[in-house]
Amino acid sequence: MTLFCQRNACALAVTLALTSHPAWATHHNVEADQQLVADDMAGMDHSKMNHAAMQGDMAGMDHSQMGHGEAPRTTSRTPIPVLTDADREAAFPPLPGHQVHDSALNGFFLLDQLEYQDADEGSALAWDASGWIGGDIQRLWLRSEGERVNGLTEEAEIQLLYGHAIGPWWDVVAGVRQDFKPGSPQTWGAFGIQGMALYDFEVEATAFIGEQGQTALRLAGEYDILLTNRLILQPTAELNLYGKNDPHRGVGSGLADTELGLRLRYEVVRQFAPYIGVTWARSYGNTADYAREEGGDADEARFVAGIRMWF
Amino acid sequence: MHSKSTRRTFVKGLAATGIFGGLGLWRTPVWAVTSPGQANVLSGSVFDLSIDQLPVNFTGAARMAMAINGSIPGPTLRWREGDTVTLRVRNRLDEDTSIHWHGIILPANMDGVPGLSFHGIAPDGLYEYRFKVNQNGTYWYHSHSGAQEQLGVYGALVVDAKEPEPFAYDRDYVVLLSDWTDENPQRVLAKLKKQSDYYNFNKRTVGDFINDVSEMGWAAAMADRKMWAEMKMSPTDLADVSGHTYTYLMNGQAPDGNWTALFKRGEKIRLRFINASAMSYFDVRIPGLKMTVVAADGLHVAPVSVDEFRIAVAETYDVIVEPEQAEAYTLFAQSMDRTGYARGTLAVREGLSAPVPSVDPRPLISMADMGMDHSSMAGMDHSQMQGMDHSQMAGMAGMDHSQMQGMDHSQMAGMAGMDHSQMQGMSSMQTHPASEMNNPLVDMQTMQPTSKLADPGIGLRDNGRRVLTYADLRSTFADPDGRLPSRTIELHLTGHMEKFAWSFNGIKFSDAEPLRLKYGERVRITLVNDTMMTHPIHLHGMWSDLEDEQGNFMVRKHTIDMPPGSKRSYRVTADALGRWAYHCHLLFHMETGMFREVRVDE
């Protein structure tokens, strides 16, 4: 402490002696400025200064008033005002508290795919949509996907799920899924997890239990590759597994089908992007057999063109 | 929305809003000076302000804004230190409004925060503010209701000093910077909630990756991409809202409007920079001129000569310039994310302009910026920290105590006071509040934050210019309190980019208890930035006395800028009874939860 104080004092004295700046000359700012001067003088060679000559200037200085190196104060240098009843009244008017919008209900609906597909059997219209409404932790989710071929609905389903964030990147979801096609309508219970595995890489895994005891598992993922900030290549993958054969709907137990997609979109605005792409669907095992029995192929590549939009 | 007013003033932003003239020689009582350019300055001690809708056109598109006394910015209010001012604020909107006097020390019921200070001002209502002004300098005022601040409800406050100031000048101009969007601010926020990178059109692409591979090599480029991918963040995330929607204004003028301040050669000009933006930081410079910074957040600082300074949202800096050579100089304020700029001219006569620089190259945020520099974490098992998935990092908070020798566990309440040096292999590792653990609203935590006081900041390092840093700021007065803080309150700035949710300690305002201070006490607030964004933190009612790394008083401010990866401390004297707002001054961060009530009780 002593050393520091001495240096400050030197610095101060030099300043007082060498400058004629009005702010320094009037002693009132000395207390604060000394620190600055000390800093500025860090590289100074004190041996070249005539410290003895400064004694006169330093006499009468109140070291206790210097900010650094001194014992801390026990009372505030600026007196804390003694409170009056008027102060108390002004401080606490009866009020309900401030409001911000941190608990507001938000929503998002993404029509990720709405596309024409050039299928072997003709032309197909396919969609894949998802959305949510809710807060930051709890959200109500909607998912829907389906396909119409030559004007007939071949597949259509909708899921309504309650989602709860279990970490920064993962939500657990639970709810119901209603299939309208293929075959007769079917209702499922759904339970799953969804989230962001990597930046711009979204995945979901959902297990389903159908009303007739059928079980299913769907894994899906999609990734955005930025060719530019508006031209975006999106690979997708979806994989379906079933617990048992369901010949009426053309699904067999085990790994039933996979679909890979690659879509190139251009975001005219963030909310609206036309795209083109290809998909490659393949079925396996019994599912493939059922498909062949119906005269279809076990795998098929399609050219697609569509629009992606959200609001 | 319909206006209650019958008066209609169409203001063409490119031409007529916010024209400030020279405010005269400082030695002349400024309220006595009149000149045509001063139409937008109100002086005295009694003011009538009216908040109304205002048709504007800043971009070529007609929009409805909100304005104080029919201009954006509102009138510059000129007060005198020591006066008691009366401000009658009328609301001609059809929604509640309020005015907060940013940086002014006053009784709680005059502070203008709805729900904490008063009920707000109802449509057709009037609130009379009345308080004694015990300070001088450059401040500003703005609505504290919803997003009205983004819509134009802000203006400059200048308090003339009672005593002569320790510097001289011949002219005095307010340079108020702000951001304007033609979109409805609520719509902007809604978009951010849906897609938080909506306004970022500078994300890294495949082309950038190829460039990086050719420069850094495949392994390094892949490692870099992998790290960011695993963090689920983008190093291009410099601002949530960009020039894609914002037009940056200087005294209410778009860049093409070229707001102009006049001078005569040899004069000293005081420029009072105010960042009244909702969401935008600016890097300010005047090519060809040195700027001597003489005040920060209204209060005098030891003069420091710089080429450039970064001004956080809500901060103010007063600089003195002495133009001698040229006839015109460009006032250039580029947004921190380099997506645009506000611009004006210092000129010897109207109609002149100087070359306008192009914006600087866009920087990337680095792991080191966020206090996440892996290379410096000796002794840590990186394999355990999968991509900074912090849910996996519970081991750092609930650290294996058996490994820590010589620790006094009784001292570990809240872990804030932990002596890190005692932890083997974990030196200088930042601890975090328990409320951040497994919290879906906390997407990252800094590991080794530093004060960064001498850091010019992201995008300003090594640019060949002398850039102001916080380490340059020294109040011209001693610590006005002088006591050691009786306790330290550590608060972490937290958020989730993708969800666009912001908070302190992972707890949003709605879920948080007030921070309680005892009247008269001196406390230290230590902030740790656990996000990758920069946050200007503003405490109402009381000053924030910034400390250096050794705990010495540096500078008294009202808004403390917190870059990513920073840990900064300041002292607060709880000399203001009441309920006070304490928040990030980025409007949409505040609105989504980065806000606390500070309650000072006896």
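A:Phe180 sits in strand E5 of chain A. In this predicted model, A:Phe180 counts as partly exposed because its relative accessibility is 43%, a value between the limits of 20% for buried and 50% for exposed.

A:Phe180 is also one of the residues of a nonpolar patch on the surface. Strand E3 (138-149), strand E4 (152-165) and strand E5 (170-181) of chain A each give two or more residues to the patch. E4(A) supplies the largest share, three residues.

**Aromatic pairs**

Over all chains, the structure holds 28 aromatic pairs. Two of them are set out below.

| Pair | Centre to centre | Angle between planes | Class |
|---|---|---|---|
| A:Trp188 and A:Phe208 | 6.0 Å | 70° | edge-to-face |
| A:Trp310 and B:Tyr198 | 5.8 Å | 80° | edge-to-face |

The pair of A:Trp188 and A:Phe208 counts as edge-to-face because its planes stand at 70°, and the class takes planes over 60 degrees apart. A:Trp188 belongs to strand E6 (residues 186-198) of chain A and A:Phe208 to strand E7 (residues 201-210) of chain A, so their contact ties together parts that are 20 residues apart in sequence. A:Trp188 has a relative accessibility of 3% and therefore counts as buried. A:Phe208 is buried as well, with a relative accessible area of 1%.

The pair of A:Trp310 and B:Tyr198 crosses between chains. On one side, A:Trp310 lies in strand E13 (residues 299-310) of chain A. On the other, B:Tyr198 lies in the loop between helix H2 (185-194) and helix H3 (206-216) of chain B. Both A:Trp310 and B:Tyr198 are buried.

Within chain B, ring pairs also build a cluster, which joins B:Trp79, B:Trp101, B:Phe118, B:Tyr127, B:Tyr129, B:Phe131 and B:Tyr141.

Are the faces of strand E15 (residues 282-285) of chain B covered on one side or both? Both faces are covered: B:Phe282 and B:Val284 are buried on one side, and B:Asp283 and B:Arg285 are buried on the other.

E15(B) pairs with strand E18 (residues 308-311) of chain B, and the two run antiparallel with four bridges between them. One bridge position in this pairing is B:Val284, whose partner in E18(B) is B:Phe309. E15(B) also pairs with strand E20 (residues 328-335) of chain B, in the antiparallel sense and over four bridges. There, B:Phe282 has B:Ser335 of E20(B) as its bridge partner.

**The six-stranded sheet of chain B**

Chain B also contains an open sheet of six strands, in the order E23-E22-E25-E30-E27-E28, with mixed pairing. Its edges are strand E23 (501-504) and strand E28 (553-557) of chain B, each of which pairs on one side only. From one strand to the next, the twist averages 25°.

In which sense do strands E22 and E25 of chain B pair? E22 (residues 487-496) and E25 (residues 522-529) pair in the parallel sense, over seven bridges. Within this pairing, B:Ile489 has B:Ile525 of E25(B) as its bridge partner.

Key
Residues numbered from 1 in each chain as written. Chains lettered and ligands numbered in written order. Predicted model: local features only at pLDDT ≥ 70, side-chain atom pairs only at ≥ 80, totals over all residues. Heavy atoms only, no water. Patch = residues over 30% accessible without salt bridge, like charges linked within 9 Å, V, L, I, M, F, W, Y side chains within 5 Å. Areas by Shrake-Rupley, 256 points an atom, 1.4 Å probe, with all protein chains shown as cover. Salt bridge = Lys/Arg side-chain N within 4 Å of Asp/Glu carboxyl O. Buried < 20%, exposed > 50% of the residue type's maximum accessible area, 1.4 Å probe, protein only. Pairing = 2+ DSSP bridges. Axes fitted to C-alpha atoms, helices over the stretch in contact; angles between N-to-C directions. Phe/Tyr/Trp six-rings, centres within 6.5 Å; stacked < 30°, edge-to-face > 60°.
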